[in-house]
Amino acid sequence: MDGTGAAGGPARTGGGVLLDVGPLSGRPGIRASGEINVSTRLSWENALTELSRQHTDVSYVELSAVRFVDVAGVAALAVTAMNLPVGRVVVERPPPQLPRVLELFWPSLHRIEVAPR
């Protein structure tokens, strides 16, 4: 793989898999594991694009296995939520920096609901 990762597939670098994103079973959404950073951003953005294509009312993003998300990764999530025609995104068990970045840059973004760890 070239390091970009396809939607639903792992993003790899010379050190191995850094981010794996796939569908949730039994409900609409995605689950991710690893890190969301400059090396894995394209894979994350591809997964969010696919999430928005399949979105109807509520989409879930399960992040309990994500160790780190950078500001640009949070921004991609926020932009995805803002561009949805209806509904919201429920982010479950994100790393601690994600809700802090959302509160700092998008304090009135009601299309994202964060369910803490």
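Mentor: In this predicted model, Val71, Val74, Leu77 and Ala78 of helix α2 meet Leu98, Val101, Leu102 and Phe105 of helix α3.

Trainee: By class, what makes up the contact of α2 with α3?

Mentor: The contact of α2 with α3 holds 8 nonpolar residues, with no polar and no charged ones. Val, Leu, Ala and Phe are among the residue types that count as nonpolar.

Trainee: How do the axes of α2 and α3 cross?

Mentor: Helix α2 spans residues 71–82 and helix α3 spans residues 97–105; their axes come within 10 Å and cross at roughly 65°. Angles of 65 to 115 degrees count as roughly perpendicular, and α2 is therefore roughly perpendicular to α3. The crossing in which α2 passes α3 is right-handed.

Trainee: Why is α1 called roughly parallel to α2?

Mentor: The axes of α1, residues 41–54, and α2 come within 10 Å and cross at roughly 15°. The limit for roughly parallel is an angle under 35 degrees, so α1 is described as roughly parallel to α2. Here too the crossing is right-handed, with α1 passing α2.

Trainee: Which residues make the contact between α1 and α2?

Mentor: Helix α1 contributes Arg41, Trp44, Glu45, Leu48 and Ser52, while α2 contributes Ala72, Gly73, Ala76, Leu77 and Thr80. By class, these are 5 nonpolar, 3 polar and 2 charged residues. Arg and Glu count as charged, and Gly counts as polar.

Trainee: Turning to Ser59, in which strand is this residue found?

Mentor: Ser59 is found in strand β4, which covers residues 58–69.

Trainee: Is Ser59 buried or exposed, and how do you know?

Mentor: The relative accessible area of Ser59 is 2%. A residue counts as buried under 20%, and Ser59 is therefore buried.

Trainee: What joins the side chains of Ser59 and His55?

Mentor: A polar contact of 2.7 Å joins these two side chains. The distance limit for such a contact is within 3.5 Å.

Trainee: Which residues is Ser59 in contact with, leaving aside its neighbours within four places in sequence?

Mentor: With those neighbours set aside, Ser59 is in contact with Pro28, Leu51, Arg88, Val89 and Val90.

Trainee: How many helices and strands does the protein chain have, and what pattern does the chain follow?

Mentor: The protein chain has 3 helices and 6 strands, and along the sequence the pattern reads β-β-β-α-β-α-β-α-β. Of the 117 residues in the chain, 44% are buried. Among contacts between residues at least 6 apart in sequence, 61% join residues at least 24 apart.

Definitions and conventions
Residues numbered from 1 in each chain as written. Predicted model: local features only at pLDDT ≥ 70, side-chain atom pairs only at ≥ 80, totals over all residues. Heavy atoms only, no water. Axes fitted to C-alpha atoms, helices over the stretch in contact; angles between N-to-C directions. Helix = DSSP H or I, 4+ residues; strand = E, 2+ residues; numbered from the N terminus. Parallel < 35°, antiparallel > 145°, perpendicular 65-115°, else oblique. Left-handed = near helix turned anticlockwise from the far one by under 90°. Contact = heavy atoms within 4.5 Å. Buried < 20%, exposed > 50% of the residue type's maximum accessible area, 1.4 Å probe, protein only. Polar contact = N/O pair within 3.5 Å; in protein donor to acceptor, adjacent residues only side chain to side chain.
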